[in-house]
Amino acid sequence: MSKRSIYTTSVHAGDDPSSHFGAMSVPIYPASVYSFPDADEGAALHDGSKEGYYYGRLGNPTQAALENAVAELEGAEQALALASGMAAISGIVLSLVKSGEHIVAPRSMYSTTTNFLNHIGEQFGIETTFVDATDAESYRNAVRENTKLFWIETPTNPLVLISDISAIASIAKEHGIISVADNTFATPYNQQPLSLGADAVIHSATKYLGGHSDLTAGVIAGNAMVLEAVKHAANKLYGGNIAPQVAWLVLRGIKTLALRMERHNANAFAIANMLGEHPAVKAVFYPGLASHQNHEIASRQMTGGYGGMIAFDVGTSANGKSVANNVELCTLATSLGGVETILQHSASMTHATLTPEQRAEAGISEGLIRLSVGIEDAEELMDDLRQALGKLPD
Ligand SMILES: *Cc1c(COP(=O)(O)O)cnc(C)c1O
């Protein structure tokens with residue numbers, strides 16, 4: 001079969017109505033136990049010589065439909081769905097990296113991933129070197145004899161920094177290192193890291209894959225070697241499995257992924273341009289703007305568009321809080337990737353526990369706002385942001 005458009009794949013990926021009495025929506029299988037017709041079949045399921053289901057933690061047909069859908073969307077051989085994005089991240093890292101081995105990761109990225117890598121450094125002696133990930137060569141410079149994994153996140157949370165996936169993945173290949181990309185911000189609509197050479201991708205499906213701010217889930221997709229390792233360790237041994245009800249909801253969200261992303265991209269592009277020209281805005285970070293430091297790389301690797309995430313700086317903490325307090329259509333909240341537009345002031349929310357100096361080091365200026373642009377009317381969103389920007393105290 002020739003490769004289908006992502007609009008078609010989003011709607012049909014994971015479909016298998018003939019296995020479910022023709023049901024157009026895959027049924028939810030809540031069973032935690034599956035019976036065996038006889039002892040030989042039970043033995044075959046246990047030793048893996050026959051495919052099927054026998055125990056809830058190890059999967060069910062609803063979860064398999066979601067995994068097949070994400071594998072198809074990402075161009076992966078296999079996928080594994082888990083209970084959260086962090087279950088996917090901790091699961092893949094601990095499945096692949098041993099004590100005494102080394103990881104290279106971005107200095108600026110989703111803060112809980114940073115905290116997790118620091119945690120396993122202290123607990124298990126798995127050290128991470130944090131580099132300027134906007135320069136692929138900094139990964140090469142950080143390679144040691146014991147380097148096992150390159151972690152990539154692009155665009156990053158919250159600064160929408162861009163890494164060159166194919167350059168980093170090819171440095172990884174030269175050294176026999178596994179490269180894994182967090183594709184949460186871009187989604188497979190905008191960017192497919194596996195086609196650029198990465199070995200695996202992870203998602204916080206809580207964000208765009210689910211898309212409606214109503215579930216928590218994670219997914220790992222990639223080549224069979226990586227997926228066999230994570231299925232054994234992350235799923236079977238660590239047990240971060242997704243509930244079948246949630247797997248169904250993610251699959252339901254994916255049906256409109258392409259449609260939603262097209263609109264997220266268009267709305268964010270328009271709003272980033274508006275913010276770029278607004279006199280109260282000191283800086284706008286959006287990979288689709290020619291002013292973005294890695295705009296060219298973003299244009300090369302983000303084939304669908306530049307995503308729905310924007311960061312912008314209004315100068316001071318008081319101004320940042322004022323925007324947060326004065327928006328009416330946009331909602332003040334810390335997640336992202338849903339149909340509704342939400343924003344947060346990083347210095348008083350996600351990065352409040354850091355000192356101003358630590359924030360500065362992480363590139364989080366005191367007036368930084370992170371905006372997750374939804375699928376509402378772009379003009380109405382811009383009107384709301386303009387009226388809030390018209391009320392800055394400083
Ligand atoms: C939210 C997020 C995560 C963590 O996902 P959870 O579903 O909250 O566990 C990981 N990476 C990125 C880029 C995120 O935005």
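This is a predicted model: local features need pLDDT of at least 70, side-chain atom pairs count only at pLDDT 80 or more; totals for chains, interfaces and linings use all residues.
A polar contact here is a pair of N or O atoms within 3.5 Å; inside the protein, one of the two must be able to donate a hydrogen and the other to accept it, and neighbours in sequence count only if both atoms are side-chain atoms. Residues are numbered from 1 along each chain as its sequence is written, and side-chain values use heavy atoms, with hydrogens and water left out.

A polar side-chain atom of aspartate 182 sits 2.7 Å from a nitrogen atom of the ligand. Serine 204 also brings in a polar side-chain atom, 2.8 Å from a ligand oxygen atom, whereas methionine 86 uses a backbone N or O atom, 2.8 Å from an oxygen atom of the ligand. Taken alone, the ligand exposes 380 Å², and the protein buries 92% of that (areas come from the Shrake-Rupley method with a 1.4 Å probe; for residues, only the protein chains shown count as cover).

There are 15 residues around the ligand, and the nearest are Met86, Asp182, Ser204, Thr206 and Lys207; to be near, a residue needs a heavy atom within 4 Å. Helix H4 (residues 85-96) gives the largest share of this shell, three residues. Helices (H or I, at least four residues) and strands (E, at least two) are DSSP runs, numbered from the N terminus. By class, the shell splits into six nonpolar, six polar and three charged residues. Ala, Val, Leu, Ile, Met, Phe, Trp, Tyr, Cys and Pro count as nonpolar, Asp, Glu, Lys and Arg as charged, and the others, Gly among them, as polar.

Next come the pockets. On a 1 Å grid over the protein atoms alone, a pocket is an open set of points where a 1.4 Å probe fits, with protein on both sides within 12 Å along at least five of seven lines, and lining residues have an atom within 4 Å of a point. Points are joined across faces, edges and corners, and a volume is the space filled by probe spheres set on them. The largest pocket holds about 1100 Å³ of space. Its lining counts 34 residues, with Glu51, Gly52, Tyr53, Leu58 and Lys231 closest to the centre. Helix H2 (39-47), helix H3 (61-74), strand E1 (78-82) and helix H9 (224-237) each supply at least two lining residues, and H3 gives the largest share, seven. The lining has eleven nonpolar, 13 polar and ten charged residues.

The second largest pocket has about 410 Å³ of space. It is lined by 17 residues, and Arg107, Thr114, His351, Leu354 and Ala362 lie nearest its centre. Helix H5 (111-124) and helix H14 (356-361) each give two or more of them, with the largest share, four residues, from H5. Domain 1 (6-254) and domain 2 (257-389) each provide at least three lining residues; these bounds come from an automatic or database domain assignment.

Most residues other than glycine have a negative phi, and most peptide bonds are trans. The bond from threonine 154 to proline 155 is cis, with omega near -10°, and so is the one joining asparagine 157 and proline 158, with omega about 0°. Proline 155 lies in the loop between strand E4 (147-153) and helix H7 (165-174), and proline 158 is found in the loop between E4 and H7 too. Phenylalanine 21, not a glycine, has a positive phi of about 55°.
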